[in-house]
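User: Can you put the model up? I have a few quick questions about it.

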Amino acid sequence: MSPAIEARGLTRILPGLVPVTLVEGIDLTVQAGEFIAITGPSGSGKSSLLYLLGLLDKPSSGTVRLQGLATEGLDGDQLADLRLARIGFVFQFHFLLPEFSAAENVAIPMRRLGAMPEKAIRARADELLEGLGLAEHRAKLPEQMSGGQRQRAAIARALANDPALILADEPTGNLDTASAHLVFQTLRGLARDQNRTIIVVTHDTELAATADRRLHLVDGRVVP
Amino acid sequence: MAPLGLAIAMRHLLHRRRQTLTSLVGVSLGVAFFIGIASMMQGFQRDFVNRIIDAAPHITIKDEFRTPPPQPVFAAFPDAAVRLRGIKPKDEVRGLRGARALIDALEQMPGLHLAPTLAGQILLRFGAKDISGNVTGIVPDRERLVTKLERDLIAGSLDSLYTAANGIIIGEGIALKAGIGMDDMVSVIAPSGVLLRMKVVGIFRSGITLMDNYDTYVLMKKAQVLQNRPNVINRIRIRLDDVEQAADLARAIETRFGWRTESWQEQSSNILSIFVIQNAIMYSTVGAIVIVACFGIFNVISTVVFEKTKDIGILKSMGFRDADIRRIFVYEGLIVGIVGMLIGWALGYAIVEFMASLRFNLEGFVRAQGFVLYRTPKHYVLSGAMAIFASTFAAWLPARRASRLNPVDIVRGAA
Ligand SMILES: Nc1ncnc2c1ncn2[C@@H]1O[C@H](COP(=O)(O)OP(=O)(O)OP(=O)(O)O)[C@@H](O)[C@H]1O
Ligand SMILES: [Mg+2]
């Protein structure tokens, strides 16, 4: 079986008068079900790497293979379709749509994919929220929830289309220690119990230590 | 995707009620004003045209030429620069010469009714009042076929021209101006110097101010006496079964016979050209309203796009395509356009019915009691299409900007 994600010589340089190198020469292979932590000082290129792995940004050179599928030649729409079906993002900011309830937010990727009837979509949204301990908050608007609850709702949304790969960029950055632990355990559980591939960017070395593998970045390069 | 994009668009609009309402008001007013103004203007214009078509001859052949005949000297020296000064016009007897043959030829044409007449100017004297006017010498039996003079009579009859010794039919405007009543005797003075005492045997009201204030009718024979031109006619007035052919036929007659031949459009060209200006004013007014409404929509959608940058970022990283994002914001313009159109239709309908209920006396080109309104689905279709097109276009620009936002910039910036 091909690895969940496989990056070769991944380099991203922002063009300009003074070109900025975000990441350089990253080689990375992650197997399905692995739980990886990316650490490194601020500005070391962790987020940039995550965007490249998540097909949100295109590398200046190097390749990304998602479940064995080469992504170099794909256009914007094809990349969007891949993100929709196979990748879930969780960011430091929750990015829930403020006009929609928690359950509706979770339903949006499923509705966009259109693979299930509306009834099944609602059932799955409720189920995902329940799994993250948000059963009684399903009808609340984001502004009516706490930071930790919002972040868990965002995780539920990232899981909506049953993606093989979850990419989380400092998902616990805005949370207190207890909530951070809860979110982290949730992510780890997803890898262990559901065989999903999880890549988490974090500053928290203690949390990072619990990962299967750690990738430390300095100045856009992996250091051992 | 359609329902989801629509759902997001609806939420966006419903969550900024005041802005949405403002842009709705703009679109609605544009649509409503268009319907109101268009039905008023077109109602008036169509009414006028109908009255003209009904009352006036469709084609008039006159004893004139459009261009003076070329002077022989120009023909003699075709390549030279010739300048003629002090030309003395030939003192020829005016009138349609060879009218008999002309009438015979015209009468061969199907769907055409004609009445030869002698038209001229008169001065009408009643008591101390002098009123200038036009006099038309008619044959009542033929007049019936060509104009609706008989139907327009509010007193007297057409046939009493035959029975009275010196009968004259005058317009209501003249009657009111000079206080002339039925059976009053008036003095009619023609430029030829002839003076006749005539008896008013009819008063008409055509509703067209110019006609009611200036036109009079006498028997053809009396007109020839007044003008001292026995057996002469100087006009042939024609009525067609199909009024649409007037312009073409007029041109054909003029080409064939040479006499200046005017269709009703040409005879009323001054007023018809005012209509063109009226329409231009109307369309530019409504156009301005629509443009303002467009700015409103553009403004609202631009604001929404700006406020929704984060949402756009997450939707794109989630897997929404550029077109999906664009569609959301175009839907917003479309919703405003459609709802604004529906409200505008209702409002426009109300305006038209309100104007229809007003009663007042009005005298311009025509006499009317209140607005003449033209109600047609065309106005609704046109204003609706305009509203939807304009609002979609106004939304398109910010929508395109939204779809081009780079999600990486957004998620990086918002962290
Ligand atoms: N648009 C940009 N223009 C110029 N420099 C940029 C731009 N985006 C990112 N950078 C730079 O690229 C580097 C890598 O940024 P990145 O966001 O990947 O770092 P990070 O490791 O995620 O940092 P943090 O831990 O603070 O989130 C940083 O030095 C940043 O300043
Ligand atoms: Mg970062």
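User: Which helix does Phe298(B) lie in?
Analyst: Phe298(B) is part of helix H13 of chain B (helices are DSSP runs of H or I, at least four residues, and strands are runs of E, at least two, numbered from the N terminus). This is a predicted model, where local features need pLDDT of at least 70, side-chain atom pairs count only at pLDDT 80 or more, and totals for chains, interfaces and linings use all residues. Residues are numbered from 1 along each chain, chains are lettered from A, and side-chain values use heavy atoms.

User: Is Phe298(B) buried, partly exposed or exposed?
Analyst: Partly exposed, at 33% relative accessible area (buried is under 20%, exposed over 50%, with a 1.4 Å probe and protein chains only).

User: Switching topic: how many cavities?
Analyst: Three of 30 Å³ or more (sets of points on a 1 Å grid where a 1.4 Å probe fits but cannot get out; lining residues have an atom within 4 Å of a point, and volume is the space filled by the probe spheres).

User: Which residues are closest to its centre?
Analyst: Gly88(A), Phe89(A), Arg157(A), Ala158(A) and Met318(B), out of 13 lining residues.

Methods: On a 1 Å grid over the protein atoms alone, a cavity is a set of points where a 1.4 Å probe fits but cannot get out, and a pocket is an open set with protein on both sides within 12 Å along at least five of seven lines; lining residues have an atom within 4 Å of a point.
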